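Open the model in your viewer and keep the selection tool at hand. This tour goes stop by stop.

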Amino acid sequence: MPLVPMRQILDEAAKGGYGVGAFNVNNMEQIQAIMQAANDTNSPVIIQASRGALKYSKMIYLKKLMEAAVEEFPHIPVAMHLDHGNSLDTCKQAIALGFTSVMMDGSLSEDGKTPNTYEQNVDITRQVVEYAHPLGVTVEGELGCLGGIEDGHGAGLSADEVDAHLTDPEQAEDFVAKTGLDALAVAIGTSHGAYKSGRKDPETGEMLPPKLAMERIHEIHKRMPNCHMVMHGSSSVPKELVDIINQYGGNMPDTFGIPIEQIQDGIKHGVRKVNVDTDSRLAITGAIRKVFVEKPEKFDPRDYLKPAREAAYQVYVDRMKAFGQAGHAGDYEAITLEDAKAYYK
Ligand code: G3H
Ligand code: 13P
Ligand code: ZN
């Protein structure tokens, strides 16, 4: 099966009332772990690469790895998605490489930091839709800004500023109508990376969990029941994974992620794509650290990359089950970009 347009995966998820994990990749081990997890849980899946990932993997390697992935598991619907595209050119490059979906993150300007105006966001997102749809390629846009800047994607908003940049449901309706996008990333108080909160108890100084505006998702779903929403920054940052890192020489302070129950609540209300990167990074780092500490005589990369791949695999399996995509790989006949071209016409 060739790579599937992401739109179909989202449409089917909406029909089935489940969410689909969109997992970030940079290398072979992550791709193999995701595909094995999708196979073992019988899940459709979205694999995504950031601009940083494309640079790291030199693009062509990622393309070939994805070809290998669909060849090994032809019964699994897989979409290949560009995460946080910052310009029409970046989106064009990904499409030329064979990506079946792109995100134009027009919430920020090309530097990936400075918030765009609403009009700028509409304008650039619409340009990408006009380019991508005739090629059958899916487009995700973002309205509102995520907090944080840990991995270079975000406006670096303080906990107080985040409130002013949450997605406005009324504006969301206008944005979807004006751009014609397929999936809408919403800002509801999540941020990328392992340190999502930025909120401290004023009395004890202890970190507090991030405050999420789930009611905005509910409201957008009420206004646009057919709109596929995307939750970025959705790693749960499980304490057990952070503990392994710290047990083997790491130094990560206490932190909070997004509880699975809140993601599941989002899925009940129209969230179809759930972005997870950090949890796989944590699992991989913990597994590698463990080998380094317990078996310091080892120097063959396979001795630590194999456990790393297994640890990431477990994260993917758990998320696929929790988001509800497990069991749905065989529900439908996958379409091609050619079919999607006709659909958009
Ligand atoms: O969108 C954020 C993802 O975690 C990708 O991060 O740019 O470090 O690859 P990255
Ligand atoms: P996390 O950092 O929470 O895994 O979020 C990843 C993400 O949103 C990628 O776009
Ligand atoms: Zn993101």
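The stops below run from the whole fold to single residues.

**Before you start**

This is a predicted model: local features need pLDDT of at least 70, side-chain atom pairs count only at pLDDT 80 or more, and totals for chains, interfaces and linings use all residues. Residues are numbered from 1 along each chain as its sequence is written, while chains are lettered from A and ligands numbered from 1 in the order in which they are written.

**Stop 1: the whole protein**

Show the cartoon. The protein has 14 helices and eight strands. Helices (H or I, at least four residues) and strands (E, at least two) are DSSP runs, numbered from the N terminus. The radius of gyration is 19 Å, close to the 20 Å that the globule rule gives for 345 residues, so the protein is as compact as a globular protein of that length. That radius is taken over C-alpha atoms, and the rule is 2.2 Å times the number of residues to the power 0.38. Along the principal axes, the C-alpha atoms fill a box of roughly 60 × 55 × 35 Å.

Buried residues make up 49% of the 345. A residue is buried if 20 or more other C-beta atoms lie within 10 Å of its own, exposed if 12 or fewer, and partly exposed in between, with C-beta atoms placed from the backbone.

**Stop 2: the core**

Select Ile34, Ile47, Val102 and Leu184. These have the most contacts inside the largest nonpolar core, which has 93 residues. Such a core is a set of buried Ala, Val, Leu, Ile, Met, Phe, Trp, Tyr and Cys residues joined through C-beta atoms within 7 Å. Helix H13 (residues 301-323) gives the most to this core, with eight residues.

Now centre on Ile34. Leaving out residues up to four places away in sequence, Ile34 touches Phe23, Val25, Val45, Ile47 and Tyr316. Contact means C-beta atoms, placed from the backbone, within 7 Å.

**Stop 3: ligand 2**

Which residues are the closest to ligand 2? Select His232, Ser235, Asn275, Asp277 and Thr278, the closest of the 13 that surround ligand 2. A residue counts here if its C-beta atom, placed from the backbone, lies within 6 Å. Strand E3 (78-85) and strand E8 (271-276) each give two or more residues to this shell.

**Stop 4: helix H10**

Select residues 239-247, which form H10. Leu241, Val242 and Ile245 are buried. The face turned away from the buried side carries exposed Lys239, Glu240 and Gln247. Helix H12 (278-294) is among what covers the buried residues of H10. Just after H10, Gly249 takes a positive phi of about 95°.

**Stop 5: two histidines**

Go to His153, in the loop between strand E5 (138-143) and helix H7 (159-164). His153 counts as buried, with 24 C-beta neighbours inside 10 Å. Beyond four places in sequence, His153 touches His84, Gly112 and His192.

Step across to His84, in strand E3. His84 is buried, with 29 C-beta neighbours inside 10 Å. Check the backbone: phi is positive, about 55°, although His84 is not a glycine.

**Stop 6: methionine 59**

Finish in the loop between helix H3 (51-57) and helix H4 (60-72), where Met59 lies. Met59 has a positive phi near 55° and is a residue other than glycine. Is Met59 buried or partly exposed? Met59 is partly exposed, with 16 other C-beta atoms within 10 Å.

How values were computed. Contact = placed C-beta atoms within 7 Å.
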